[in-house]
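Open the model in your viewer and keep the selection tool ready.

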Amino acid sequence: MTVTSTISPAVIICLRFIGLWPGVSYSIINWLSFVFMLVIQLYFQYLYIFNHLKISELSNLVDCLIVTLYYSLTIFKLTNLWIHRRVLHKILTDMDDDWRECVNDDQHLHIMTIKANVSHFFSNGLLSFTMIVATFYVSGNYIIRFIFVTEHYNDTVRQLPIKIQLPFETEQSPMFEFLVIAITLQVMLHSGMISILNGLIFILVLHLSGQIDIICQKFRNISKNTLLHRSSIHSFGMLIERHNRILSFSENMEKLFSLFWLLQVFWNTAVVCCLGFVFIISIHNETGVFVLVKTVSGYFSMILEVFIICLAGEYLSSKGKLITTATYEMPWYDMPSNQSKVLMFIMMRSQKRLVITAGKMMDMSFESFTTIIKASASYISVLYAIY
């Protein structure tokens, strides 16, 4: 089957489901329904936290706080995307236009097809990994109860998949079984949805990198013979137009994800601290082995989210430098003066760095990733010392 988009079918289904895909009927209803569902569950999660806000229950409180912070972040993400949905629609429209242009050129189509295949593999892999992690996290408490039931495990209360405080009795059948199924499905839906949104930035970066590879290839294809013809002016005009579109695409990504990733970095740092704290104290518990499996899977999931952002930022920054290199490697010294001036302006504009920032305060790169990990480790040591 011929690939016709960098965006995988899973991402399209996700964006349609929450009403962010262009042209979706009743998009506001879809978005409000999903957010309202999250808000209701988040209310009962915070209610649980306020009712168990005790130092003696610090371990249990931190475990609950992990999921609560994650749900809070999701609501902020969806709100940010809805506010900037026009920017998202502009990005998606530009991607469709780029693909329509590539259809007429086999070399360009080959470049974009490779990027699309990588994008689809990445989206499906991230979704699968997140669903596995969510399964481990939701079923962790039930595995512990099943293993220790023969050893008179002291927790006799029937627990829901996540810690929430509901205003009615939840331990009686069949209400308990219904809530377990409903909450589990909701957690899996939320996990899959948020993994798709987290991977969207890398998909857009892959598409933009494909456009950068195309413009670099165009520069390399201009030979000394064509430089002497007037038709080369038209070629330069097309290159300038494509370069402007790349810069515009990058600016739209910055508008859409700048606050998005600032929240992501802040929340993920807090969640990683909580997970690291639970990881340390669970070593000394009798249920430590099972809690460790549950905690470690969640820990790597949080680290992976931050790593994806930093990887996308590092990759985009390195790709942006290729335009300057490709322009300089052209035989500009053999060009007529009017054409060399045009080339000089292209080189000057290509000096603008293509970056992903968190609130325009920090560039997302591998250096930023190590800084976040070091800060998280410091906070974990402080929490453990207090405990």
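A cavity is a set of points, on a 1 Å grid over the protein atoms alone, where a 1.4 Å probe fits but cannot get out. Grid points are joined across faces, edges and corners, and a volume is the space filled by probe spheres set on the points. This is a predicted model, in which local features need pLDDT of at least 70, side-chain atom pairs count only at pLDDT 80 or more, and totals for chains, interfaces and linings use all residues. Residues are numbered from 1 along each chain as its sequence is written, and side-chain values use heavy atoms, with hydrogens and water left out.

The largest cavity holds about 270 Å³ of space. Select Tyr 70, Ala 134, Tyr 137, Ser 191 and Met 302: of the 18 lining residues (an atom within 4 Å of a point), these are the closest to its centre. Next, colour helix H5 (106-148); helices are DSSP runs of H or I with at least four residues, numbered from the N terminus. H5 gives the most to this lining, five residues.

Now go to helix H2 (residues 27-51) and select Ile 28. Is Ile 28 exposed or partly exposed? Ile 28 is partly exposed, with a relative accessible area of 38%; buried means under 20%, exposed over 50%, and partly exposed in between (1.4 Å probe, protein chains only).

Finally, select Phe 36, also in H2. Phe 36 is exposed, at 55% relative accessible area. The C-alpha atoms of Phe 36 and Ile 75 are separated by 9.3 Å, although the two residues are 39 apart along the chain.

Technical notes
1 Å grid on protein atoms, 1.4 Å probe; cavity = no way out; pocket = protein on both sides within 12 Å on 5 of 7 lines; lining within 4 Å. Helix = DSSP H or I, 4+ residues; strand = E, 2+ residues; numbered from the N terminus.
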